[in-house]
Amino acid sequence: MASSTRSEAPEQEFDLVVIGAGPGGYVAAIRAAQLGLKTACIEREKALGGTCLRVGCIPSKALLESSERFAEAKHGIDEHGVVVKEVALDLARMLKRKDGIVGQLTRGVEGLFKKHGVTRLLGHGRLDGPGRVLVIEPDGKERVVAAKRVLIATGSAVATLKGVEMDGDRIGGSTEALSYPEVPQHLIVIGAGVIGLELGSVWSRLGAKVTVLEYLDRILPGLDVEVAQAARKVLTKQGLTFKLGVRVTGARVEGQECVVEAEGMEPLRGDRVLVAVGRRPYTEDLGLESVAITLDPRGRIPTDGYFQTKAPGVFAIGDVIAGPMLAHKASEEGVACVERMVTGAGHINYDAIPNIVYTHPEIASVGKTEEELKQAGTPYRKGSFPFVANGRAKALGTTDGFVKFLAHPETDRILGVHIVGPRAGDLIAEVAVAIEFGASSEDVARCVHAHPTLAEVVKEAALAVDGRPIHI
Ligand code: FAD
Ligand code: NAD
């Protein structure tokens, strides 16, 4: 609950106080310190790094890597002539490894703060009128700090669903699903978005039966339809069951079981439920009313496109404002925001933000989808090339998927690139740079790509825009 502003004199004064030490806040704090601002960062969790490092990007990728090794050892390695007689799962060790990586990285952020001279304030931060922030420490002690500028980077929290009784154990969100103490017999995932597919894949590979319930008639809303359809086929082959067009209306625990109810479907029973229906901006007890900031209808802090809120000297970035909820988007906004404060310039090209789903194969995209181009009436030419025609993909034994280029028919400027295939997340970096530089598909097609690499599929897809791929 937020209090009214207080009267005591501030204990310390800073040029910039950042609230929240996720990839948005901690990166902004470091950049601000590099630029010479006396900077503090308030974080209420002991470990720095936010959702991303503690319970998001990093632990999920650690489990995705480990579970993929397990699945490969179990099912995929004999075709390479490697015979593994017995494969056993040591889940406790897998989880410990994940926790170890999280610990190393969160301590790493602490080290970076020390190195760059960012003052770390442990506690809950609350705006306390113009130029003041209250820090409520874990023991309840309160102190006020003065801030010439405040940057809100409080991120997001898991979205809940009406009728779904999350008990933080059997029925939980992604945080619980990163630490199940045993492999579920039947995991029911609500939502076929990024989290549902990534964490659904983890537990499916480790042996769980996984059923994914999705409200829409497709998976991965927002991604290019052709890519999402291809991904669905591959993931279904891997053992995930998708039930599309299903609106979940309730879920509850009954003894050791969970029951999930949805419109037009018999109740479904499993032993764990992962609620993955999105995330909501997090602004609880932030004292926004003390500086007269009101939220938009989706609970986000409105900003002017340069991260400035309605309140003078108060800025906001990352998951708590509009735009995709991605760690790199939050970090880039943090950098652009503080650079603009100090130098007057700071900019992000929102058309060049890559988006990656770390399933196997990976799904990666940057720029516009075909559906977006059609809807906007933008003409385009399309070039696709499959991984099955690539030597390196064959050597890897991962040939599912393709690269698809969308380019303007007159200027040939790249409008969007969508990949489903091996290491798509790394391949997309080249095209993100190309889009940032305003490149054409011909530019990419004419660049030398080493042989044999997966990147040759990117080159061939760029050639295909002009109808001249070589290897197909
Ligand atoms: P956050 O990381 O949420 O950080 C906000 C911080 O503010 C938190 O540490 C919180 O404790 C703190 N805080 C909040 N309120 C206060 C307060 N009043 N006082 C003090 N501290 C406060 N994105 C990717 O790009 N790639 C991925 O692979 C990826 N994987 C993900 C996997 C999962 C399971 C989840 C849940 C998310 C994933 N994301 C991924 C999304 C990514 O984690 C977020 O987009 C990113 O963390 C947003 O950064 P942020 O700095 O805006 O907020
Ligand atoms: P999401 O928005 O990706 O997917 C949520 C899904 O739930 C949607 O498909 C939606 O249609 C469905 N849904 C909503 N209500 C439903 C209902 N009643 N019944 C059935 N289905 C329903 O959300 P998420 O997967 O929870 O991820 C949250 C955010 O975290 C995303 O915005 C994403 O950007 C970020 N994230 C990113 C990564 C990554 O970059 N690799 C990984 C994890 C999370």
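By class, the residues lining the second largest pocket comprise 11 nonpolar, 13 polar and 13 charged. The model on display is a predicted one. The volume of this pocket is about 1,200 Å³. To centre the view on the pocket, select Glu68, Glu72, Arg205, His360 and Thr398, which are the closest to its centre among the 37 lining residues.

Next, colour the helices. Two or more lining residues come from each of helix 3 (57-76), helix 6, helix 7 (225-237) and helix 11 (424-436). Helix 3 makes the largest contribution to the lining, with 11 residues.

Keep helix 6 selected and turn to ligand 2. Helix 6 (residues 194-205) supplies the largest share of the shell around this ligand, namely 3 residues. The shell numbers 24 residues in total, and the closest are Ile195, Glu198, Glu214, Gly278 and Ile356. In composition, the shell holds 16 nonpolar, 3 polar and 5 charged residues.

- Glu198: an N or O atom in its side chain is 2.9 Å from a nitrogen atom of ligand 2.
- Ile356: a polar backbone atom is 2.7 Å from a nitrogen atom of ligand 2.

Finally, show the surface of the ligand. On its own, ligand 2 has 850 Å² of accessible area, of which the protein covers 80%.

Notes: Residues are numbered from 1 along each chain as its sequence is written. Chains are lettered from A and ligands numbered from 1 in the order in which they are written. This is a predicted model: local features need pLDDT of at least 70, side-chain atom pairs count only at pLDDT 80 or more; totals for chains, interfaces and linings use all residues. Side-chain values use heavy atoms; hydrogens and water are left out. A residue is near a molecule or strand if one of its heavy atoms lies within 4 Å of it. A polar contact is a pair of N or O atoms within 3.5 Å; within protein, one must be able to donate a hydrogen and the other to accept it, and residues adjacent in sequence count only if both atoms are side-chain atoms. Accessible areas come from the Shrake-Rupley method with a 1.4 Å probe; for residues, only the protein chains shown count as cover. Helices (H or I, at least four residues) and strands (E, at least two) are DSSP runs, numbered from the N terminus. Ala, Val, Leu, Ile, Met, Phe, Trp, Tyr, Cys and Pro count as nonpolar, Asp, Glu, Lys and Arg as charged, and the others, Gly among them, as polar. On a 1 Å grid over the protein atoms alone, a cavity is a set of points where a 1.4 Å probe fits but cannot get out, and a pocket is an open set with protein on both sides within 12 Å along at least five of seven lines; lining residues have an atom within 4 Å of a point. Grid points are joined across faces, edges and corners, and a volume is the space filled by probe spheres set on the points.
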